[in-house]
Structure formats: C-alpha cells, structure tokens
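Look through the fold below with its secondary structure in mind.

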Amino acid sequence: MTATLVEETAPPPPPPTGLADRARRLRRRGRIVALLFALPALLLLGALVVYPVLFSIGRSFFDASGTRFVGGENYTEMFRDPATVKAVRNTAIWVVVAPALLTGLGLILAVLVEKVRWATAFKLLLFMPMAVSFLAAGIIFRLAYDEDPDKGVLNAAAVSVHDVFKDTSAYPTARARDGQGLTRAADGSYRTGASVSPGDSVTLPLVGVPPKDLPTGTEPAHGAAGRTAAPDELRGVVYLDFTPGGGGTPGEVDPRESGLPRMQVEAVRDGRTAATTTTASDGSFRFTGLDAGSYALRLPASNFAPPYDGISWLGPALVTPAIIGAYLWIWTGFAMVLIGAGLSTLPRDALEAARMDGANEWQIFRRITVPLLAPVLTVVFVTLVINVMKVFDLVYIIAPGPVQEDATVLATQMWLVSFGGGNNQGLGSALGVLLLLLVVPAMVFNVRRFRRSQR
C-alpha cells in the first residue's frame, strides 16, 4: 500500500533534453516576432512622445536662447508671472466645472433617453457635435457670442426678450438745440429753463436724429406749432429742428421739419411730476386740468436711453463660462453615450424589485442607478478631466484678442509664451512640463481603474 502511494505522488519524469531546448527556442522566436511587429509602433512612440517629453524637460532648464543653463529659474518665473497664475486659475475652473457638468448632464440625458420613443435619433442628434472639429466649433460659437445683435444669435435672443418686457428709446442720439431754452440735467433729461403756465404754447427743438431713423408715420410739426392753447391747457410740440437739404431757422418750426412722436413729456412743479403725456405723430402734446401756477417741462432721460445691446458674452467677466458652454455643447453627447452604455448593463431585476417595494423613480435613481454606475461615472469624469487640462482650440479661437489673457489656460499660455510673441521656449517648456505633471496622475488613475475592471 505504501509503495503504491509513493508511485502515485512521484513527480512526472522530466522531458527529454532535446524537447526542452526546442520549446525554449520556439518561445524565444515568438518573442522576437512579437517585438518585430511592435517595433514600428515603439519607434513612433519614442519619436513622437518619449523624445519630445525628454527634450522639453531638458529645455525647461535653459534660458530663452537655449544656450545658458538657468536651472529652476523658469519654474520660479512661471509662478511669478501674473498671466501664468491666471492661466493656472482658469485651468482649475475648467477642471472643477466642465467635467462635473458634463458628467451630470450625460447621466441625466442617458436616463431620460431610455424613456423616449426615438432614443436612437435623440442620441445621434446629441452626439453629432463630436463630428465637428474644435476649429469649426470655435468659429460657430465666436459668431454666436458676437455682441452685435444683428450677428450674434444669443444677443439677438436676449435683446428680443428684453424688448418684450421693457420699451426701448426711439431717439438714443437726440439732444437739445443749444441756446433754445432746453438744458441738460445730470440724469440725462432735458428741462425748460423758463417757467410756463396753462394757456401757453411752447416749442422744444431737438437735433441729432437722422431723418431716416424717424418712426413710421411721423408727420410735419409746422401745423401743430401754429395751434393756440386754450386758457386751461398747456400745449407744445417736440420737433426735429433740421430741414432736409439745408435752410430753415434754428429754434423755429419750419414747414419741412418733422415732429418727434412717442416722446414722453412731463409737467414738473416744485420738483414733483404733476402730469405726464406722450407726443402725437406730429410731435404735439398738451396737458389739461393743471392747477394755475408755473411749471417746467421735462423730457425724461428714458427718451434718450441707448438701446439694449444684449450681454457681453466675450467680455472679461463671462469669456471663460462662455467657452465652457461651447465645450459642453461638443462633449455632452460623448458623456451621454458612455454612461448610456453602462446604464444598459445594469441588472433590471434590481430596478424592478425596487419598484415593487414602492420606491419612486427619484429614489431608484439616487439609491440604485447612481451607485451602480459609479465606476462608469468615475471613468467618464477622469477622462474629461484629462481633456479639459489640454483644451486649447476653443480658448484660442473664441476669446477675442483684448480678453485672450482673461481666458487663457495652461495650454494656450504655453503656446503664447513659446511661439505667440513671447519667444521664450525655456519658459514654455516649463509650462509644458507642469501640464504633463498635472495630466499624468489622472491618466495613471484611469489606466489602473480600467485594469481593475478587466480583472
């Protein structure tokens, strides 16, 4: 019995020496063949990635000319430069805001798309911006953000909404004729210098309005100026003291001079507005029912307010949020598709069990869907962090020259310092190394998480 057990547990005899040598040769040959196949890719990787990285690291220790070794001076100068500090701050805003918004939007849209009938068409529509290059997208949004409402679609919409709720002035360029009885106040209004009383007729001459800009239906003011006021009324006319083609007498209503309709006029007494009226199509106005006494006539500043031109999207305050908005338009479809792929793998029995237990859709989303999607959301978030750290095209194209420094990020600052006028490749290389050090941890995290999920 003992002999039998010893025979069964004994190790197998070693293979013949010739077979072992042959197996080793085959393995060695396989490794050589695999290396030969990978060699072109390794050469390209070394030429396009490894060598530039090593060269940039070495170049960052030299001055702008590349001939004098300066050690870490470029790295200290990098954080003394206000433009670089602003680039670091803007990059931090991008890293915090853009990936979080994109991941949140992608998650919400992925969940909602599952509940619509034309889900495929909706996904295609949202994913289409990914097919647009960053150059083309930057040009599109540069036009969309244009401050001129006649060019920029966003400001056109803002002006339209504003004008619905608030009237705009018809005479933003109008001003009083000098020496004709109207004086300008500090608030932009015009007021008569002499007092008037019921029974008086007055003329209020204005200039500075091109005849082509007069409202439709404007009539000549000459007829209204010749009317006599009744004893209990205060009458007058607001007119454009300008005769087309020349001629005419300043301060007098000539036959070819137009009235200014829709002009607001106030009768003021003791610093308070006693009555308000609006001029007719020929510029005439009248007040009735006024108490006896002296009044001053005032043309409020609202008559001359400049038109609302919209929002300065590309001004120093809003340029970075505006560019982030363009980035969201491009990448929301990417986040939605990736999160939707993860959503399709969730166990449906867990969701149905939660519904049967009485959980509503919000509870299912918060307590089941989001925790189960946490690995996918993390990968999407980290991938977007890597992308926003390298953003260059949108910032360079959308931000106008005067606010380029207000919108700059590390990638654009690196280019500006090196080739965009700074001509300091040493400092630019230091910025490139800083950007590499910021990107590498996120890349390592993503690769490790991917390997962990593969296992």
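Are H10 and H11 oblique or roughly parallel to each other? This is a predicted model, in which local features need pLDDT of at least 70, side-chain atom pairs count only at pLDDT 80 or more, and totals for chains, interfaces and linings use all residues. Residues are numbered from 1 along each chain as its sequence is written, and side-chain values use heavy atoms, with hydrogens and water left out.

Helix H10 (residues 348–356) packs with helix H11 (residues 361–372) at an angle of about 140 degrees, the axes being 10 Å apart. Helices (H or I, at least four residues) and strands (E, at least two) are DSSP runs, numbered from the N terminus. Axes are lines fitted to C-alpha atoms, for helices over the stretch in contact, and angles run from 0 to 180 degrees between N-to-C directions. H10 and H11 are therefore oblique to each other; angles under 35 degrees count as roughly parallel, over 145 as roughly antiparallel, 65 to 115 as roughly perpendicular and the rest as oblique. The contact (heavy atoms within 4.5 Å) involves Ala350, Leu351, Ala354 and Arg355 of H10 and Glu361, Ile364, Ile368 and Thr369 of H11.

Four strands form an open sheet in the order S1-S4-S5-S8, with mixed pairing; two strands pair if DSSP finds at least two bridges between them. S1 (175–176) and S8 (284–288) are at the edges with a single partner strand each, so one side of each has no neighbour in the sheet. S1 runs antiparallel to S4 (residues 201–207), joined to it by two bridges. Arginine 175 has valine 207 of S4 as its bridge partner.
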